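This report walks through a protein model, taking its aromatic pairs, its sheets and its helix packing in turn. Please keep the structure open while reading.

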Amino acid sequence: MTDQYAVIGRPINHTKSPLIHGLFAATSGQDLEYGAIEGSLEDFAGDVHRFCAQGGRGMNITAPFKLQAFQLATEPSERARLAKAANALKFEGERVLAENFDGIGLLRDIEVNLGQPLAGKRVLLLGAGGAVRGALLPFLAAGPAELVMVNRDEQKAAGLAQEIGHPLLRVSRYEALEEERFDLVINATSASLVGELPPVPAGVFDRAVLAYELAYGKGLTPFLRLAKEQGVAQLADGVGMLVEQAAEAFAWWRGVRPETRPVIDQLTIPLQ
């Protein structure tokens with residue numbers, strides 16, 4: 001019997017997950033079917049339990065259900081506990097295992113695909129939402145010289161930093177960045193989703209080797225356009241992160257890590 005997997009979110013019509021996992025299955029010789037479920041805001045747990053009862057082996061979780069997925073888990077990983085959110089579930093009998101691969105997928109895209117190791121670098125993270133929560137542990141484990149986080153809601157960023165309690169993690173304010181310079185600048189805010197620019201001073205890009213936009217498929221966003229104008233040589237959006245976190249979930253479920261480069265190339269939209 002073919003194993004069943006799915007992604008659940010609301011809305012879900014934009015998802016690339018069935019395409020990605022279908023390509024993974026084809027290239028790795030895995031017998032599985034992968035679908036998409038429009039989740040119910042009132043009965044997310046019921047949606048998950050029904051899928052599991054019908055033989056579902058695992059699920060990817062996208063907005064707005066990552067927090068609920070974490071709460072549903074019987075065995076969340078350390079990454080999921082830190083993020084207080086899960087983007088992947090695995091079902092083993094009565095056990096519901098939860099993982100958060102967003103951060104490790106982002107780190108792998110930056111270090112492996114884009115060739116920019118974080119070790120010894122000054123890294124600026126814009127935002128303090130779920131994506132940043134998931135990225136902090138993998139980023140700090142990579143050994144940057146310093147990881148600076150800024151967010152419009154300063155208390156939210158400060159609370160997250162206090163929760164992590166790591167000596168290399170520092171919280172700043174947008175206006176305090178005028179005199180600071182970074183090697184990597186990563187935009188994890190929602191600004192680009194509505195065509196806006198986070199209030200980051202242009203000078204932070206003066207020595208940057210990479211500007212990374214988590215939003216994908218948006219072309220040259222205001223954030224990336226500013227970085228390009230400041231002479232940053234390498235620009236990237238989040239399509240690599242999307243594929244790499246999917247590969248981590250696939251390997252977790254199936255025990256086989258698929259090749260990601262061909263899928264990233266197929267999904268990449270030129271940044272113009």
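## Aromatic pairs

A search of the whole structure, which is a predicted model, turns up six aromatic pairs. In one of them, the ring centres of F24 and F250 are 5.6 Å apart and the ring planes meet at 70°, so this pair counts as edge-to-face. Because F24 belongs to helix α1 (residues 17-28) and F250 to helix α9 (residues 239-254), the pair ties together parts that are 226 residues apart in sequence. Both partners, F24 and F250, are buried.

Another aromatic pair, formed by F44 and F65, is stacked, with 4.8 Å from centre to centre and 15° between the planes. Here F44 lies in helix α2 (residues 44-53), while F65 sits in the loop between β3 (56-61) and α3 (66-72), so the parts tied together are 21 residues apart in sequence. F44 and F65 are both buried.

## The mixed sheet

Six strands make up an open sheet with mixed pairing, in the order β2-β1-β3-β5-β6-β4. The edges are taken by β2 (32-38) and β4 (75-76), each of which has a single partner strand, so one side of each is left without a neighbour in the sheet. Within this sheet, β3 and strand β5 (residues 88-92) pair in the antiparallel sense over three bridges, and M59 stands opposite L89 in β5.

Two helices can be described against these strands. Helix α2 lies across β1 (3-9), β2, β3 and β5, and runs at about 145° to β3. Helix α9 also packs on the sheet, where it touches β1, β2, β3, β5 and β6 (95-99), and its direction makes about 5° with that of β5.

## Strand β6 and its partners

Is β6 enclosed by the rest of the structure or left open? Four of the five residues of β6 are buried, so the strand is largely enclosed by the rest of the structure. Its pairing with β5 is antiparallel and extends over five bridges, with V96 in β6 as the bridge partner of F91. The two strands β5 and β6 form a hairpin with two residues between them, and G93 in the turn has a positive phi of about 65°.

Strand β4 is joined to β6 by two bridges, and these two strands run parallel.

## The parallel sheet

A further open sheet is formed by six strands in the order β9-β8-β7-β10-β11-β12, with parallel pairing. At its edges stand β9 (169-171) and β12 (234-237), each with a single partner strand, so that one side of each is left without a neighbour in the sheet. On average, and with direction ignored, neighbouring strands of this sheet are turned by 15° against each other.

Strand β10 (residues 184-187) and strand β11 (residues 210-213) pair in the parallel sense over four bridges, and the bridge partner of I186 is Y212 in β11. Helix α5 (residues 102-113) packs on this sheet and touches β10, β11 and β12, with its direction at about 150° to that of β11. Helix α8 (residues 222-229) packs on the sheet as well, touching β7 (122-126), β10, β11 and β12, and its direction makes about 170° with that of β11.

## Helix α6 and its surroundings

Two packed helices are described by the angle between their axes and the distance between the axes. For α6 and helix α7 (residues 154-164), the packing angle is about 40° and the axes are 12 Å apart; the two helices are therefore oblique to each other, and their crossing is right-handed. The contact is made by V132, R133, L136 and L140 on the α6 side and by L160, E163 and I164 on the α7 side.

L137 is also placed in helix α6 (residues 130-141). With a relative accessibility of 29%, L137 counts as partly exposed. When residues up to four places away in sequence are not counted, L137 touches E78 and L82. L137 and G103, which are 34 residues apart in sequence, are 7.7 Å apart in space from C-alpha to C-alpha.

How values were computed: Residues numbered from 1 in each chain as written. Predicted model: local features only at pLDDT ≥ 70, side-chain atom pairs only at ≥ 80, totals over all residues. Heavy atoms only, no water. Phe/Tyr/Trp six-rings, centres within 6.5 Å; stacked < 30°, edge-to-face > 60°. Buried < 20%, exposed > 50% of the residue type's maximum accessible area, 1.4 Å probe, protein only. Pairing = 2+ DSSP bridges. Contact = heavy atoms within 4.5 Å. Axes fitted to C-alpha atoms, helices over the stretch in contact; angles between N-to-C directions. Parallel < 35°, antiparallel > 145°, perpendicular 65-115°, else oblique. Left-handed = near helix turned anticlockwise from the far one by under 90°.
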